[in-house]
Amino acid sequence: MFGPNWFASVMGTGIVATAAATLPVHLPGLHAFATVMWLLATLLLATVIVAFARRGTTHSADPVLVQFWGAPPMALMTIGAGTLLLGPGSIAVTASFVLWSAGTVLGLIVAVAVPYRMMTRPGTAPDAAFGGWLMPVVPPMVSAATGALLVPHVPDGRDLLLVCYALAGISLIASLIVITQIWTRLVNHQVGAARMVPTLWIVLGPLGQSVTAFHLLGRSAEGVLPDPYASGAQMLAVLYGVPVLGFTLFWAALATAITVRTARSGLPFSLTWWSFTFPVGTVVTATGGLATRTGSPVLTALAVALFAVLLTAWTIVTTRTLRGVRQKTLWPAAAQPVPATR
């Protein structure tokens with residue numbers, strides 16, 4: 001059977017295109033590469049949708065895999081952002097708006113339904129929190145970031161801009177609550193199952209995406225909001241973005257250390273490895289946005305270095321995924337429950 005976690009491959013591929021398109025440097029062939037990756041991600045989205053329609057399963061009874069229902073709306077919006085940045089003219093705007101609308105509605109449903117299910121089911125183990133708990137609550141932040149790109153294309157973008165800020169608030173506050181639970185679980189109950197270690201990287205997703213969102217919202221606020229709110233939005237992009245980027249890099253260092261430690265004793269491949277891609281990609285777009293906004297050569301160099309890390313991770317994970325598909329070793333993983341801890 002086919003689970004919603006497969007949509008993470010679309011997210012991971014699409015963010016490579018978006019990161020390449022927004023990198024704060026001009027390299028020969030970079031735009032063409034971004035376009036190719038966007039087309040590949042679009043094809044992958046169509047393939048995953050067809051496969052899910054033919055033999056998909058909700059995994060609603062699985063407390064781990066049900067979290068990954070956050071992936072389909074984010075996949076739609078990631079492709080939508082790439083379409084707006086790299087697609088052809090007015091068609092791109094229309095397609096992006098359709099994908100954004102569908103992803104936002106589905107994302108809000110998931111953001112309410114999955115936590116509600118968790119809150120109303122029988123008791124959860126004290127060591128149950130893991131990075132996947134963020135998946136249902138991150139889509140509204142992706143809506144905020146991708147919706148900000150659409151504001152200039154709407155006749156009166158004020159309402160859309162305000163909606164995007166509200167969506168960012170939903171995801172930001174919910175993510176901070178979940179990240180605190182993950183930290184508490186790690187300190188009190190240690191790392192847990194090796195195959196779940198990659199999900200620690202999901203924490204980078206809401207953090208990096210929030211920095212990207214406030215950067216793009218600040219840029220879109222000019223000419224839409226009156227002063228002092230437009231100027232305040234520009235200030236918020238930096239005064240919020242730089243400190244949160246600092247914590248994001250701090251968490252990346254912790255996740256790296258835990259991943260390396262786990263890999264020494266065995267880190268089995270599964271679809272959770274896609275957690276090494278999209279979250280890192282959001283950090284690339286966040287760093288690139290701040291570099292563009294501040295003109296900092298340090299942030300520019302960091303964005304390029306992180307983009308190289310993203311490309312490496314995507315290449316490794318894609319290769320391993322294709323091998324697993326060919327050998328049919330990933331299908332059971334998509335259909336069977338995954339333990340949260342040892």
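Start by selecting helices H1 and H2: H1 passes H2 in a left-handed crossing, meaning that the near helix is turned anticlockwise from the far one by less than a right angle. The model is predicted, so local features need pLDDT of at least 70 and side-chain atom pairs count only at pLDDT 80 or more, while totals for chains, interfaces and linings use all residues. Residues are numbered from 1 along each chain as its sequence is written, and side-chain values use heavy atoms, with hydrogens and water left out.

H1 covers residues 7-22 and H2 residues 30-55; the axes are 8 Å apart, at an angle of about 165°. Axes are lines fitted to C-alpha atoms over the stretch in contact, and angles run from 0 to 180 degrees between N-to-C directions. Helices are DSSP runs (H or I, at least four residues), numbered from the N terminus. H1 and H2 are therefore roughly antiparallel (angles over 145 degrees).

Next, show the side chains in contact (heavy atoms within 4.5 Å). Among them are Phe-7, Val-10 and Ala-17 of H1 and Phe-33, Trp-38 and Phe-52 of H2.

Now select H6, residues 158-189. Its 32 residues reach 46 Å from first C-alpha to last, close to the 46 Å expected at 1.5 Å a residue (1.5 Å times one less than the number of residues). Just after H6, Gln-190 takes a positive phi of about 65°.

Finally, select Tyr-165, Leu-172, Ile-182, Trp-183 and Leu-186 in H6, which meet Ala-233, Tyr-240, Phe-250, Trp-251 and Leu-254 in H8.

Note on methods. Helices (H or I, at least four residues) and strands (E, at least two) are DSSP runs, numbered from the N terminus. Angles under 35 degrees count as roughly parallel, over 145 as roughly antiparallel, 65 to 115 as roughly perpendicular and the rest as oblique.
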